[in-house]
Amino acid sequence: MTKEKFTSISLQEEMQRSYLEYAMSVIVGRALPDARDGLKPVQRRILFAMHELGLTPDRPFRKCARVVGDVLGKYHPHGDQAVYEALVRLVQDFSTKYPTLDGHGNFGSVDNDPPAAMRYTETRLAPIAHECFLKEIGSETVSYSNNFDGSQQEPDILPAQLPFLFLNGSSGIAVGMATNIPPHNLGEIVDGLIALINDREISDLKLSKFILGPDFPTGGELIYNEAIKEVYQSGRGSITIRGVIKNEEINLGKGKHKKNALIISELPYQISKAGWIEKLAELVNLGKIDGISDIRDESDRDGMRIVIELKKDSNSEIVVSNLFKRTALQSNFGAIFLALINGKPVQLTLKKYLNYFLEFREETIRKRTNYFLKIASEKLEILEGFSTATNNIKIIIEIIQNSENATEAKTILIPKLNLSIKQADAVLSMPLKKLTNLERKQIEIDMKELI
C-alpha cells in the first residue's frame, strides 16, 4: 500500500479523544440518572416498553422475558441479563423504596437469593409508575428521538409528576465519577416542595425541618448529626445507619429457664441478612464477640426477626456495642447527589434539585395545557362550522345541488359562509341528524363548554 493512503495521528491525541467519547457515553447513556425523572436510560426504556405493551396495573401480568425482548429489540441493544437485572431491581421492595413495577414470582430476597430466570417471572406496571411516570406521555409533554437503528421513537425523558431521583434514590459508577443518592419519604419530599413553592427563598435550615433525612426501604435508624445537614447543603457526605435492636426475654419451652436475647427487626440498607448472620457466627466462633450462645433467623412474611441468645453472665449493652462496632449492623452510606442536568453531570444540593424539579414540572404542565388547548380549539372550530351550517342550511343545500363535485362545493362554501378548510370539510360530511332541534341545541352547549 502507498503511503498516501495513511494519515499520521498522534497516539496521545487519539487516546484522549477516544477515551473522552467512551467516558461521555457511559456517563450520559448508562450510569447516571437524569435529574428530571430520576431514571437511567435502561429504566426509562423498560417503563416505556411496558407502556407500549399495555401492561397497566389493571391488566394481567406478562412474562418478564417478553418485556426484556421488547426492550432489547426496540430500544436497548445490550445484554439481556443486564436489562433483566435492572427490571428486577424495579420490582424489589427491599431495593426500591417505591417499586415502579409489580412482580409475580421469585424476584430474589433480602438474603441475597437470586431471582428466578426471566422465563418464569411475570411483571406489569405498578400504579405509581402508571400514574406518575406515564399518564401524561400522550399529551405532547416530552420530546422523542430515534432509537439505535432509526426504526422506532423513544422518549428522551418521562413526564414524572414526583421527584423520583430522591424518592427512590439512585446509584451508579461512571468514568471518573459516581452517584449514590439515598431514597426518601414521599410525604416529607412533597411537604418540602410545597414549602419551596410558597417561599422560593426558603433557607436550608427551614427545608431540613420538612425533609429530615433519608428513608430506606429496609428501615434502620439514622444517627442524626450535623453530617446529614452537610450532605443536603453540599450534595456529598456520609450518613450513619444502624439496625433496629431490642432486648427481649424468650421462653424456650416448658420447664426451661427464660433467656435474655437481642432481637433485630431491621438491618441497614443493602446489607444481606444471610450474609450478616454468617459473618456474626464467624466472629463468635473466633472469639471476637463474646456473650452470645445462639443465633437464629426467625424471619417470616410478616417481617425480619433475627434472634441472638445471650449467655447467662453476659452484659447485653456490651454485646450490642460490639455488634455495632465489629459488624455491618452500623454502617455508613456515602451519599453523592450527582445527576444529569441538560446532559451534563452536576452535583446537586437538596434545594437546587427541588427547584430544578419544580421548573421541569411547570414546563410539563405548560406543554400539557397547550396540548389540551389545541384539541379544544380544533373541536371549537368544527362546532362553529356546524353552527354556521345549521343557520344557513338552505344556502348550503343549494350550493351542493348546483356543484359538480365536493371540491367545487367546498371552494364555493368557504368564501360564501366565511368558513375555514377544516370547517368546510366537516360541513360537507355532516350527518343530517345534526339539523334536528336537539342536536342544534347540543352544538351550542358544547361550544359554551369548550370556550
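Which residues in H13 meet which residues in H14? The close-ups below start there. The model is predicted; local features need pLDDT of at least 70, side-chain atom pairs count only at pLDDT 80 or more, and totals for chains, interfaces and linings use all residues. Residues are numbered from 1 along each chain as its sequence is written, and side-chain values use heavy atoms, with hydrogens and water left out.

**View 1. Helix H13 packs against helix H14.** H13 covers residues 393–402 and H14 covers residues 406–417. Helices (H or I, at least four residues) and strands (E, at least two) are DSSP runs, numbered from the N terminus. The angle is about 150 degrees, and the axes lie 9 Å apart. Axes are lines fitted to C-alpha atoms, for helices over the stretch in contact; angles run from 0 to 180 degrees between N-to-C directions. The pair is therefore roughly antiparallel (angles over 145 degrees). H13 passes H14 in a right-handed crossing, meaning that the near helix is turned clockwise from the far one by less than a right angle. From H13, Ile395, Ile396, Ile399 and Asn402 meet Glu408, Ala409, Ile412, Leu413, Lys416 and Leu417 of H14. Contact means heavy atoms within 4.5 Å. By class, this contact has 7 nonpolar, 1 polar and 2 charged residues. Here Ala, Val, Leu, Ile, Met, Phe, Trp, Tyr, Cys and Pro count as nonpolar, Asp, Glu, Lys and Arg as charged, and the others, Gly among them, as polar.

**View 2. Asn315 caps the N-terminal end of H11.** A side-chain oxygen of Asn315 sits 2.9 Å from the backbone nitrogen of Glu317. H11 spans residues 316–326. Its buried residues are Val319, Val320, Asn322, Leu323 and Phe324. Buried means under 20% relative accessible area, exposed over 50%, partly exposed in between (1.4 Å probe, protein chains only).

View 3. Most residues other than glycine have a negative phi. Glu140 lies in the loop between helix H5 (127–132) and strand S4 (144–146). Its relative accessible area is 46%, so Glu140 is partly exposed. The loop holding Asn342 runs between strand S15 (338–341) and strand S16 (344–347). Asn342 counts as exposed, at 64% relative accessibility.

**View 4. The side chain of Asn180 reaches Gly334.** Asn180 belongs to strand S7 (residues 178–181). Its side chain lies 2.9 Å from the backbone oxygen of Gly334. Beyond its neighbours within four places in sequence, Asn180 contacts Ser170, Ser171, Phe333, Gly334, Ala335 and Ile336.

How values were computed:
Parallel < 35°, antiparallel > 145°, perpendicular 65-115°, else oblique. Polar contact = N/O pair within 3.5 Å; in protein donor to acceptor, adjacent residues only side chain to side chain.
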